[in-house]
Amino acid sequence: METKGNSGRTKIVRYSSSLSQLECEKIRFYASKFAPCGPALEIGSFVGSSTIFIGVEYKQHGNVVYSIDHHRGSTEQQPGCKNFEKDLYNESIGKIDSFTLFREQIEKFGLEKTIIPIVCDSNIVAKYWNIPLSLLFIDGGHEVEQSINDVNNYAPFVVEGGVLAIHDVDVYGKHEDSYEGPRAAFFQAISMGFTPVDFKNALVFLRKGSPELYGVPKEYIKEITNGRGT
Ligand SMILES: C[S@@+](CC[C@H](N)C(=O)[O-])C[C@H]1O[C@@H](n2cnc3c(N)ncnc32)[C@H](O)[C@@H]1O
């Protein structure tokens, strides 16, 4: 994404190795539809690329985006792993620190009053969460237990008709680097009364409510879940 700042200089978002530009644009589309309906929550801020795409739309409607991340990186982002980004590694503490770049990007896009960072483990925040959500984007820890925790803890707060987006879902489990966790989270969301309505690459969108509400044939849900979660 590019925007012109007050200085007239072009600002370009830095993408993570995780979410592609096309996926970011797709989530922006949903953000534009749901921004008038209350706050959003993202789990997995990282360097803020998806956060910015959601934030620019919520800003226009005077609504906020909470974004939870401990900013120490997921398992696959640690040194030696496939999504390790060297410039985010703080040698002096021997840990990933994605919060510095996250803040820089949020400020560059003038979103300090729209995006509310919560620097903490999502399991801890969940104990205190009670805010209804128009949009929930889950892209945090990808282990099965963690992915399911995030859905169980936060999806109940999505308002009726609201949207739940989950990243790294490979519905049919066909791809080599698919994540079992996000796929399990997807099935869990269906069993909690969400209906899959759209996707872009590995980013799926579900809405709270039954398949009849969204004109999605029940046979389709049966096929993709293969009996699970329904
Ligand atoms: C794949 S990245 C998110 C990418 C981001 N959505 C983007 O668009 O670039 C996953 C993030 O989840 C965070 N994370 C993993 N487990 C977490 C947990 N239990 N609580 C909070 N954050 C967590 C990691 O620190 C990491 O920054």
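Predicted model: local features only at pLDDT ≥ 70, side-chain atom pairs only at ≥ 80, totals over all residues.
Residues are numbered from 1 along each chain as its sequence is written, and side-chain values use heavy atoms, leaving out hydrogens and water.

**Ser 122 and its surroundings**

- Ser 122 sits in helix α4 (residues 122-126); helices (H or I, at least four residues) and strands (E, at least two) are DSSP runs numbered from the N terminus.
- The side chains of Ser 122 and Asp 150 make a polar contact at 2.8 Å. Such a contact is a pair of N or O atoms within 3.5 Å; within protein, one must be able to donate a hydrogen and the other to accept it, and residues adjacent in sequence count only if both atoms are side-chain atoms.
- Beyond its neighbours within four places in sequence, Ser 122 is in contact (heavy atoms within 4.5 Å) with Ile 43, Ile 68, Gln 146, Asp 150 and Tyr 154.

**His 142, in a loop**

- His 142 belongs to the loop between β8 (133-138) and α5, and His 142 is buried, with a relative accessible area of 9%.
- The side chain of His 142 makes a polar contact with the side chain of Asp 168 (2.7 Å), and a polar atom of the His 142 side chain lies 2.7 Å from the backbone oxygen of Gly 140.
- Not counting residues up to four places away in sequence, His 142 touches several residues, among them Glu 76, Ser 147 and Tyr 179.

**Tyr 89, in a strand**

- Tyr 89 lies in strand β5 (residues 89-90) and counts as partly exposed, at 24% relative accessibility.
- Pro 79 is ten residues from Tyr 89 along the chain, and their C-alpha atoms are separated by 8.2 Å.
- Leaving aside neighbours within four places in sequence, the contacts of Tyr 89 include Pro 79 and Phe 84.

**How the helices pack**

- Two packed helices are described by the angle between their axes and the distance between the axes. The axes are lines fitted to C-alpha atoms, for helices over the stretch in contact, and angles run from 0 to 180 degrees between N-to-C directions.
- Helix α1 (residues 21-34) and helix α2 (residues 49-60) have axes that come within 8 Å and cross at roughly 30°, so α1 and α2 are roughly parallel. Angles under 35 degrees count as roughly parallel, over 145 as roughly antiparallel, 65 to 115 as roughly perpendicular and the rest as oblique.
- Helix α5 (residues 144-154) and helix α6 (residues 180-191) pack at about 30°, with axes 7 Å apart; α5 and α6 are therefore roughly parallel too.
- The residues making the α5 and α6 contact include Val 144 and Ile 148 of α5 and Ala 184 and Ala 185 of α6.
- The axes of α6 and helix α8 (residues 218-225) come within 11 Å and cross at roughly 145°.
- Phe 186, Phe 187 and Ile 190 of α6 meet Ile 221, Ile 224 and Thr 225 of α8.

Technical notes
Buried < 20%, exposed > 50% of the residue type's maximum accessible area, 1.4 Å probe, protein only.
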